[in-house]
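Subject: Handover of a structure and notes on its contents

Dear colleague,

Please find below the structure that I am handing over to you. My notes on it follow, and I would be grateful if you read them with the coordinates open.

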Amino acid sequence: MPEPLVIAVVGAESTGKTALCRALAEHLAHSTGRRCTWVPEALRGWCESQGRTPLRHEQPSIAVAQTERIAEAVCSHDVVVADTTALMTAVYSDMLFDDRSLVPFAVAQQRRCSLTLLTALDIAWVPDGLQRDGPHVRMPVDALVREWLIAAGLEWSVVSGEGHARLQSALDALAPRLRAWPAPGRGLFMRLAARNAAPLARPWFCESCDSPECEHALLMQQRRG
């Protein structure tokens, strides 16, 4: 069997990450016949058990816990959809505590993912206990996630829309990866590691295709303007 696909879902609070992960894992299980699962966010369980949000010195253990959950799921599944990664822990560590010490670890772990999906800010913010800081933090978090993904040269795509449209947006971004599902023994993670160690220039494609690079090209044009 080919190496597992790890799909990382990241983004600001209250942007539908958990609902998308559940729906995506369920859809892929039925449509591909592969062993699919989704990995819950470690921070959510931590806050519920402790009755508070983590302090600065507790952030690293949460980043490690999330990474270990993903690694454990990879051992027994073909497709793993991760409800956030260590990258989000690093982002909030930077925003809340002015601490970027987790960035190298978070970026290294993000490189191990087959594809990163960033949830857009196009759905309404809703309260959710201790995990919600408020709608005012969504734009700064979204901007920082984009900045780090671009700086690291990671492959990512924005997922937008409500309900089924959001799921379809994720499937559109994932379509090229599914079409190129590796043959047994080719070692997807080894190829990804080699590719990310020495990034190659990528050609941009037309705006109507399902390649995430198109959006990146538009973003870079806007920045230059």
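A polar contact is taken here as a pair of N or O atoms within 3.5 Å; within protein, one of the two must be able to donate a hydrogen and the other to accept it. Please bear in mind throughout that this is a predicted model.

That definition applies to Glu58, whose side chain makes a polar contact with the side chain of Arg52 at 2.8 Å. The side chain of Glu58 also reaches the backbone nitrogen of Leu55, at 2.7 Å. Glu58 lies in the loop between helix H2 (42–50) and helix H3 (59–74). Is Glu58 buried or exposed? With a relative accessibility of 13%, Glu58 counts as buried, because the limit for a buried residue is under 20%. Leaving aside residues up to four places away in sequence, Glu58 touches Trp46 and Arg52.

Confidence

The mean pLDDT of the protein chain is 82, and 76% of its residues reach 70 or more. Over residues 183–212 the pLDDT stays under 50, and the model has 41 contacts beyond four places in sequence for them. A further stretch, residues 217–225, also has pLDDT below 50; beyond near neighbours in sequence, it has four contacts in the model. Where pLDDT is low, the predicted coordinates should not be read in detail.

Nonpolar cores

The largest nonpolar core has 24 residues, and those with the most contacts inside it are Val141, Val145 and Trp148. Two or more residues of this core come from each of helix H4 (86–97), helix H5 (103–110), helix H6 (138–152) and strand S5 (156–159). A second, separate core has 19 residues, among them Cys21, Leu115, Leu117 and Val159. Which residues does Val145 touch, not counting those up to four places away in sequence? They are Val10, Leu87, Met88, Val91 and Leu118.

Helices

In H6, the buried residues are Arg138, Val141, Asp142, Leu144, Val145, Arg146, Trp148, Leu149 and Ala152. The 15 residues of H6 should span 21 Å at 1.5 Å a residue, and the end C-alpha atoms of H6 are 21 Å apart, which agrees. H6 is followed by Gly153, which has a positive phi, near 70°.

H3 can be described in a similar way. At 1.5 Å a residue, its 16 residues should span 22 Å; the end C-alpha atoms of H3 are 23 Å apart, which agrees. Buried in H3 are Gln59, Ile62, Ala63, Gln66, Thr67, Ile70 and Ala73. These residues lie on the same side of H3, because they cover an arc of only 135° around the axis. Glu68 and Glu72, on the other side of H3, are exposed. The cover over the buried residues of H3 includes S1, strand S2 (36–39), H2, S3, H4 and H5.

In H5, the buried residues are Val103, Ala106, Val107 and Gln110. Their arc around the axis is only 95°, so they are on the same side of H5. They pack against strand S1 (5–10), H4, strand S4 (115–119) and H6.

Individual residues

Two residues deserve a note for their backbone angles. Ser14 has a positive phi of about 55° although it is not a glycine. Ser14 is found in the loop between S1 and helix H1 (17–32), and it is buried, with a relative accessible area of 5%. Asp98, likewise a residue other than glycine, has a positive phi near 55°. The place of Asp98 is the loop between H4 and H5, and Asp98 is exposed, with a relative accessible area of 64%.

Finally, Trp156 is located in strand S5. How far apart in space are Trp156 and Ala8, and what is their separation in sequence? Their C-alpha atoms are 9.2 Å apart, while 148 residues separate them in sequence. Trp156 counts as buried, at 1% relative accessibility.

With kind regards

How values were computed. Residues numbered from 1 in each chain as written. Predicted model: local features only at pLDDT ≥ 70, side-chain atom pairs only at ≥ 80, totals over all residues. Heavy atoms only, no water. Core = buried A, V, L, I, M, F, W, Y, C linked by side-chain atoms within 4.5 Å. Buried < 20%, exposed > 50% of the residue type's maximum accessible area, 1.4 Å probe, protein only. Helix = DSSP H or I, 4+ residues; strand = E, 2+ residues; numbered from the N terminus. Contact = heavy atoms within 4.5 Å. pLDDT = per-residue confidence, 0-100. Expected span 1.5 Å × (residues − 1). Arc of directions from axis to C-beta.
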